[in-house]
Amino acid sequence: MRLRDVGPGDVEAYLRMRCDPVMMAELGGPQPVEGMAEKVRLDAERTAADDWWVRMIVPDGAPPETVAGTVTLWPHEEDGVPISEIGWMVLPEFQGLGLAKRAVRKVLESAGRDGRWGLVHAFPGTGNGASNGLCRALGFELLGERDTEFAGRVLRTNHWTVDPARINSAS
């Protein structure tokens, strides 16, 4: 598995991940198709500026345009405090292969070396067993449940944090 930056050609991957009811079941339902090209453009721009890290997950041996999912690390404010948040998605045909865990680990290791991200937060839905298990497996600390806004929707989530400087490839 390797990671590459999001680019203008990734609209179809975004549509498959963000506009599909099954993929978005834990995130409040599918997002509208309208605006996905603009979302890709903004994500690519933020990534090129090194403000956000939006990485496309490419399976071993696959050409770069074959996308299994994404892992994203971005800064924002939560309750008026600056935080770094990580999120990930893997398309159904690539789930269960450990790609998300490997991709999240790689991004966290890079964040630990980079040094600017501080504690990294994750907010998987309380019913998302796979994502909560990934957090546990990578050494995130569970702070509790909370309501989290995503794409204009309020979701019940678990709040996890991890110090990326403490992530190692043995996790």
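How many helices and strands are there in the chain? There are four helices and seven strands, taken as DSSP runs numbered from the N terminus (helices H or I, at least four residues; strands E, at least two). Along the sequence they follow the pattern β-α-α-β-β-β-α-β-α-β-β.

The model is predicted: local features need pLDDT of at least 70, side-chain atom pairs count only at pLDDT 80 or more, and totals for chains, interfaces and linings use all residues. Residues are numbered from 1 along each chain as its sequence is written, and side-chain values use heavy atoms, with hydrogens and water left out.

Start with the overall form. The C-alpha trace spans about 35 × 35 × 30 Å along its principal axes. Buried residues make up 46% of the chain; buried means under 20% relative accessible area (1.4 Å probe, protein chains only).

Now the aromatic pairs. A search of the whole structure finds two. Rings of Phe, Tyr and Trp (its six-membered ring) pair if their centres lie within 6.5 Å; planes under 30 degrees apart count as stacked, over 60 as edge-to-face. Trp52 and Trp74 have ring centres 5.9 Å apart and planes at 25°, so this pair is stacked. Trp52 lies in the loop between H2 and strand S2 (53-58) and Trp74 in strand S3, so the pair ties together parts 22 residues apart in sequence. Trp52 is buried at 15% relative accessibility, and Trp74 is buried at 18%.

Trp53 and Trp117 form an edge-to-face pair, 5.2 Å centre to centre with 65° between the planes. Trp53 is in strand S2 and Trp117 in the loop between H3 and strand S5 (120-122), 64 residues apart. Both count as buried, Trp53 at 5% and Trp117 at 6%.

Trp52 has a further contact. Arg46 lies over its face, at 4.2 Å from the ring centre. The test is NZ of Lys or CZ of Arg within 6 Å of the ring centre and within 35 degrees of the ring normal.

Last, the largest pocket. Its lining has 47 residues, with Leu27, Gly87, Trp88, Met89 and Ser131 nearest the centre. On a 1 Å grid over the protein atoms alone, a pocket is an open set of points where a 1.4 Å probe fits, with protein on both sides within 12 Å along at least five of seven lines; lining residues have an atom within 4 Å of a point. S4 gives the most to the lining, with six residues.

Note on methods: Buried means under 20% relative accessible area, exposed over 50%, partly exposed in between (1.4 Å probe, protein chains only).
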